[in-house]
Amino acid sequence: IVGPSGSGKSTLLNALSGFQRKDIRGNIKLNGQKIDEYQKHVVYIMQDNHLQPLLTVSESMNFAVKLKTGNSLNTFKKWKRICDILEMFGLDDKENELVGNLSGGQQKRLAIALELVDNPQVLFLDECTTGLDSSSSTQCIKMLKNLAREGRTIVCTIHQPSGLLTRMFDHLYALADG
């Protein structure tokens with residue numbers, strides 16, 4: 001979803017993800033199911049990372065997998081899932097690094113990785129490339145494209161995509177004037 005500042009991109013994403021329900025009228029459905037019924041399969045990754053800078057990448061992932069999966073996975077499966085996700089995101093060599101010492105692109109990838117531990121079907125990302133340089137932005141969109149190829153639905157807002165990034169999107173929706 002693209003558009004200038006103030007066009008309603010984040011508001012639309014907030015409504016679609018179920019993050020904001022106040023002042024929303026109408027029905028939002030996914031495959032015919034109301035939002036309440038698919039909410040458990042949806043994650044929302046906000047523009048600003050709210051990561052704990054004094055934890056390591058591994059500690060962050062361990063907390064996420066324990067909180068999101070509970071007892072549904074045994075210890076080995078939890079560890080395997082963490083390793084697979086960190087490798088997929090190119091963070092496997094950073095597992096002992098403090099989150100606060102990661103680059104902006106690495107922090108963005110970690111924020112997404114933390115949400116993938118319970119294997120959601122739909123990811124909503126608000127301004128997923130904000131604060132990233134062009135190389136990190138391209139890497140982030142490529143990573144999201146790979147997640148989409150695995151069968152997930154990825155919906156993101158983006159303020160000013162380059163021509164290269166624009167060509168990477170499967171569908172592009174433009175908003176103007178809210």
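1. The protein contains seven helices and five strands, where helices (H or I, at least four residues) and strands (E, at least two) are DSSP runs numbered from the N terminus. Read from the N terminus, the order of elements is α-β-β-α-β-α-α-α-β-α-β-α.

2. The model is predicted: local features need pLDDT of at least 70, side-chain atom pairs count only at pLDDT 80 or more, and totals for chains, interfaces and linings use all residues. Residues are numbered from 1 along each chain as its sequence is written, and side-chain values use heavy atoms, with hydrogens and water left out.

3. The C-alpha trace of the protein spans about 45 × 35 × 30 Å along its principal axes. Of the 178 residues, 40% are buried; buried means under 20% relative accessible area, exposed over 50%, and partly exposed in between (1.4 Å probe, protein chains only).

4. Where does Val-117 lie? Val-117 is in the loop between H5 and strand S4 (122-125). Val-117 is buried, with a relative accessible area of 0%. Between Val-117 and Lys-77 there are 40 residues of separation in sequence, and their C-alpha atoms are 11 Å apart in space.

5. Asp-92 belongs to the loop between helix H4 (75-88) and helix H5 (104-115). Is Asp-92 buried or partly exposed? Asp-92 is partly exposed, because its relative accessible area is 40%.
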